[in-house]
Amino acid sequence: MIRVLIVEDEPLASSQLKKVLSRLYSDITVAGETDSVESTVSWLTRNLRPDLIFMDIQLGDGLSFDIFGQTNVSSPVIFTTAYDQYAIKAFKTNSIDYLLKPIDGQELKGAIEKFRRLQNLPETQALPDARTIEAVKKLLFAPNYKDRFVVKIGDHIRMVPVSEVHYFFSFQKGTFLRTNQGKNYLIEQSLDKLEELLDPAKFFRINRKYTVCIDSITDMIAVSSNRIKLKTTFQEEDDLVVSRERIKEFREWLEGK
């Protein structure tokens, strides 16, 4: 008999997992259920080692990764998560597996079969190492930058991908984007708000009026020791000049720092 521990803070997800396990396997029994880092650490401390752990990544009081730092986890772990496969592909290299919620029966069978193959391997080969955990954390919590804007053209509504934007500018209390087709469109967000929404590796606020895309810059002219004029694709008549206060940050941005 295989004893499993289910670590899941969503009752419906836990219930579904138990139903699928019960339907597919008569030799698997649920030895325990926990719903937080704290309760899982307590359970593992007070109970016999389970043969397998199903562990959700995000729990109410933190990440399930925190459990590994608070108690000895010697059981193989299959992670369950709502994140897509690309965000947690690093797990595949560490002799463990993951399941996307809602749990699919065939995916579960594949994970269980992998677990059975690993039963004779050293314990450390069935657990994520520190480098894998850090890599997955970065992937899971990478900033989610805006990738398109919705603009209105008369009675029509259009989506403009950020990849088509050369720069943003403010004019008469409005904020506009300029596309790679030389078109200007009014948007709702202010330049201040755009600093939170745009990838800082791609866009830089050069002054109070303009935020430019690094890919649209065609030339840079040093007007003085602390003034730089930019030339961009489809630029209008206004000079795009980096303000004195932003020169140092701008140079660092160009270098990728």
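1. In strand β14 (residues 210–213), C213 is the bridge partner of F203, and the two strands concerned, β13 (residues 203–205) and β14, run antiparallel and are joined by 3 bridges. Strands here, like helices, are DSSP runs numbered from the N terminus, with at least two residues in state E for a strand and at least four in H or I for a helix, and two strands are said to pair if DSSP finds at least two bridges between them. Between β13 and β14 there are 4 residues, and the two strands form a hairpin.

2. This is a predicted model, in which local features need pLDDT of at least 70 and side-chain atom pairs count only at pLDDT 80 or more, whereas totals for chains, interfaces and linings use all residues. Residues are numbered from 1 along each chain as its sequence is written, and side-chain values use heavy atoms, with hydrogens and water left out.

3. On its other flank, β14 pairs with strand β10 (residues 165–171) in the antiparallel sense over 3 bridges, and F168 stands opposite T211 of β14. Both faces of β14 are covered, since Y210 and V212 on one side and T211 and C213 on the other are all buried; buried means under 20% relative accessible area, exposed means over 50%, and partly exposed lies in between, for a 1.4 Å probe and protein chains only.

4. These strands belong to an open sheet of 5 strands in the order β12-β11-β10-β14-β13, with antiparallel pairing. Strands β12 (184–187) and β13 stand at the edges with a single partner strand each, so that one side of each is left without a neighbour in the sheet. From one strand to the next the twist averages 20 degrees, where axes are lines fitted to C-alpha atoms (for helices over the stretch in contact) and angles between N-to-C directions run from 0 to 180 degrees.

5. Helix α7 (residues 247–254) lies across β13 and β14, and runs at about 170 degrees to β13. Contact is taken to mean heavy atoms within 4.5 Å.

6. F176, which lies in β11, is buried at a relative accessible area of 19%. Not counting residues up to four places away in sequence, F176 touches Y167, F168, F169, F171, Y185, L186 and I187. F176 and Q189 are 13 residues apart in sequence, with their C-alpha atoms 8.9 Å apart in space.

7. The count of salt bridges comes to 11, where a salt bridge is a side-chain nitrogen of Lys or Arg within 4 Å of a carboxyl oxygen of Asp or Glu. As background, side chains of opposite charge can pair when their charged atoms come close. One of these salt bridges joins R116 and E113, at 3.7 Å from N to O. These two residues are separated by about one helical turn, because they lie 3 residues apart in helix α4 (residues 105–118). Both ends are partly exposed, R116 at 26% relative accessibility and E113 at 37%.

8. A further salt bridge is formed by R158 and E164, whose closest N and O atoms are 3.1 Å apart; R158 is partly exposed at 23% relative accessibility, and E164 is likewise partly exposed, at 22%. E249 and R246 also form a salt bridge, with their closest N and O atoms 2.9 Å apart, and here R246 counts as buried at 17% relative accessibility, whereas E249 counts as partly exposed at 41%. Salt bridges that share partners also join D27, E113 and R116 into one network.

9. K18 has its place in helix α1 (residues 11–24) and is partly exposed, with a relative accessible area of 29%. Leaving aside neighbours within four places in sequence, K18 is in contact with I6, V30 and E33. K18 and V30 are 12 residues apart in sequence and 7.6 Å apart in space, C-alpha to C-alpha.

10. On the surface, V150, I157 and M159 form a nonpolar patch with about 350 Å² of accessible area together, the areas coming from the Shrake-Rupley method with a 1.4 Å probe and, for residues, only the protein chains shown counting as cover. Patches are made of residues with over 30% relative accessible area and no salt bridge, like charges being joined within 9 Å and nonpolar side chains (Val, Leu, Ile, Met, Phe, Trp, Tyr) within 5 Å. M159 lies in strand β9 (residues 156–161) and counts as exposed at 54% relative accessibility.
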